[in-house]
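Good morning, colleagues. Please look at the sequence and the structure together while I take you through a few of the features.

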Amino acid sequence: MLRDILSGKSGIDPSQLAGAAGLPNDPASVAALMQQLQGALNTQGTGVDWQIALTQGQQRAANGQLTATDEQQTQLRQAFHIAALWLDDVITVAELTVEPRLMTRREWVTATMPLWTQLAEPVATSISDSLTRVFAEQVPEEMQGMVANASQLVRSIGGTLFAMQLGQVVGQLASEVVSGGDVGIPLLGEQQAALLPQNVDDFGAGLDVAPDQVQIYLAVREIAHARLFRHARWLRLHLTSAVTAYARGISIDSSRLEDLAGSFDPSNPEDLRQAMVDGSLIQQKSESQIAALSRLETMLALVEGWVDVVTAHATVRLPKADAIAETVKRRRASGGPAESAFATLVGLELRPRRLREAAAMWQAVTDAVGNEARDALWSHPDLLPQEQDIDDPQQLIARLTSAARGEPEVLDDVDQALEDLLRDDGAERPHEE
């Protein structure tokens with residue numbers, strides 16, 4: 001059946017197949033889909049060809065892409081320079097040793113795709129496994145001998161479709177993000193800051209704010225984000241590990257896939273398309289996933305809350321800083337269509353739900369002990385505030401103010417009991433001759 005479809009012998013409209021897969025059904029996209037699927041028929045590999053995702057993303061991002069003029073580049077480089085100077089007054093984390101970049105949308109896709117594929121690979125594997133399992137179970141007994149080769153074909157087709165979908169989503173994201181750190185997780189290399197000039201212009205187009213103020217504000221946010229990850233070198237791995245730990249627990253609902261297979265009407269693929277775009281093929285979160293998601297959301301909230309606070313302090317010289325900040329908050333709260341598509345595709349929303357509370361905690365810490373003690377909390381994961389500190393920062397502040405005065409640390413009940421036990425053990429141990 002698949003060979004007939006791809007050779008044009010089937011009555012199934014290729015544009016319907018594209019629509020069922022959640023891909024654009026314009027002629028160019030449909031032609032690319034058929035070419036990639038024909039390639040999948042001939043491949044002998046067992047994994048997902050992520051080059052397909054990169055190519056799709058680059059092509060999608062290139063549509064409508066504009067190259068920054070010399071004037072725009074000069075303005076944004078000046079904005080980066082001002083941002084670095086202003087941040088020096090309000091943070092104590094190390095400066096960047098890598099020059100900030102100005103990136104086109106296509107360049108952003110190329111630079112960030114390695115991490116996107118790392119996050120998406122567990123889901124792609126689960127989809128391919130589920131497709132082949134359901135296929136094997138659905139094949140009549142007299143055809144079981146043919147299943148081995150056909151299962152590999154189904155796995156290749158499923159992986160290709162998923163890679164194409166991921167490329168489309170990342171390509172669309174490239175038209176929405178304004179910087180390297182816009183989605184919270186560190187998509188670029190270590191300590192790399194970047195702005196997308198075209199998207200920065202789009203961001204400021206609907207605001208009654210001078211373009212240079214928008215440029216400086218967004219540059220401050222981006223450099224603050226990059227400097228934090230350079231200062232806390234453990235943070236990047238900590239955050240990406242939390243994301244991948246969550247993603248590894250994702251599995252596909254085989255019973256839902258079987259229902260779709262049994263009721264699939266090639267002339268009306270709407271049910272399949274809807275299942276692909278609404279996330280109903282992904283099973284409910286497990287308890288371990290819920291716990292991992294909670295840790296991830298807390299970490300994202302701490303990062304974004306810190307960036308919000310230091311950006312507000314660094315941009316007090318900008319007359320319209322509050323208006324820009326409000327736009328950033330509204331934009332982050334609603335999310336763009338590509339962010340929603342990624343959440344559907346991978347089953348993960350990269351949006352901190354407790355951002356406001358985390359920012360309030362960082363502000364309270366700043367007021368109590370100053371910038372240096374606040375930023376020192378990022379020196380080690382054991383020092384970082386926990387979820388309960390976001391709920392009520394008073395104990396954290398009391399501990400920090402006591403340390404600032406040189407007072408001995410006040411131990412909680414568990415630590416005090418352990419301290420007493422060790423002290424008693426040392427006192428009772430006989431003296432060795």
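Predicted model: local features only at pLDDT ≥ 70, side-chain atom pairs only at ≥ 80, totals over all residues.

Residues are numbered from 1 along each chain as its sequence is written, and side-chain values use heavy atoms, with hydrogens and water left out.

I begin with the overall picture. The chain holds 19 helices and two strands; these are DSSP runs numbered from the N terminus, helices being H or I with at least four residues and strands E with at least two. Of its 433 residues, 47% count as buried, where buried means under 20% relative accessible area, exposed over 50%, and partly exposed in between, with a 1.4 Å probe and protein chains only. Among contacts between residues at least 6 apart in sequence, 82% join residues at least 24 apart.

Let us turn to helix H5. Its 19 residues, 70-88, should span 27 Å at 1.5 Å a residue, and the end C-alpha atoms are 28 Å apart, which agrees; the expected span is 1.5 Å times one less than the number of residues. The buried residues of H5 include Gln72, Phe80 and Trp86. Against what do the buried residues of H5 pack? They pack against strand S1 (101-102), strand S2 (194-195) and the helices H8 (197-205), H9 (211-231) and H13 (287-314).

H9 also packs with helix H10, residues 233-248, at an angle of about 100 degrees, with the axes 4 Å apart. Axes here are lines fitted to C-alpha atoms, for helices over the stretch in contact, and angles run from 0 to 180 degrees between N-to-C directions. The two helices, H9 and H10, are therefore roughly perpendicular; that term covers 65 to 115 degrees, with under 35 counted as roughly parallel, over 145 as roughly antiparallel and the rest as oblique. On the H9 side the contact is made by Leu228, Phe229, Arg230 and His231, and on the H10 side by Arg233, Leu235, Arg236 and Leu239.

Next, the aromatic rings. Rings of Phe, Tyr and Trp (its six-membered ring) pair if their centres lie within 6.5 Å; planes under 30 degrees apart count as stacked, over 60 as edge-to-face and the rest as tilted. How many aromatic pairs does a search of the whole structure find? It finds four. Tryptophan 50 and phenylalanine 162 form an edge-to-face pair, 6.3 Å centre to centre with 75 degrees between the planes. Tryptophan 50 lies in helix H4 (residues 50-62) and phenylalanine 162 in helix H7 (residues 147-173), so the pair ties together parts 112 residues apart in sequence. Phenylalanine 162 counts as buried, at 2% relative accessibility.

Tryptophan 306 and tryptophan 378 are also edge-to-face, because their centres are 6.4 Å apart and their planes at 80 degrees. Tryptophan 306 belongs to H13 and tryptophan 378 to the loop between H16 and H17, so this pair ties together parts 72 residues apart in sequence. Ring pairs link Trp306, Trp362 and Trp378 into a cluster.

Threonine 401 is buried at 17% relative accessibility and touches Ala368 and Val369, not counting residues up to four places away in sequence. Just after H18, glycine 406 takes a positive phi of about 80 degrees.

Notes. Contact = heavy atoms within 4.5 Å.
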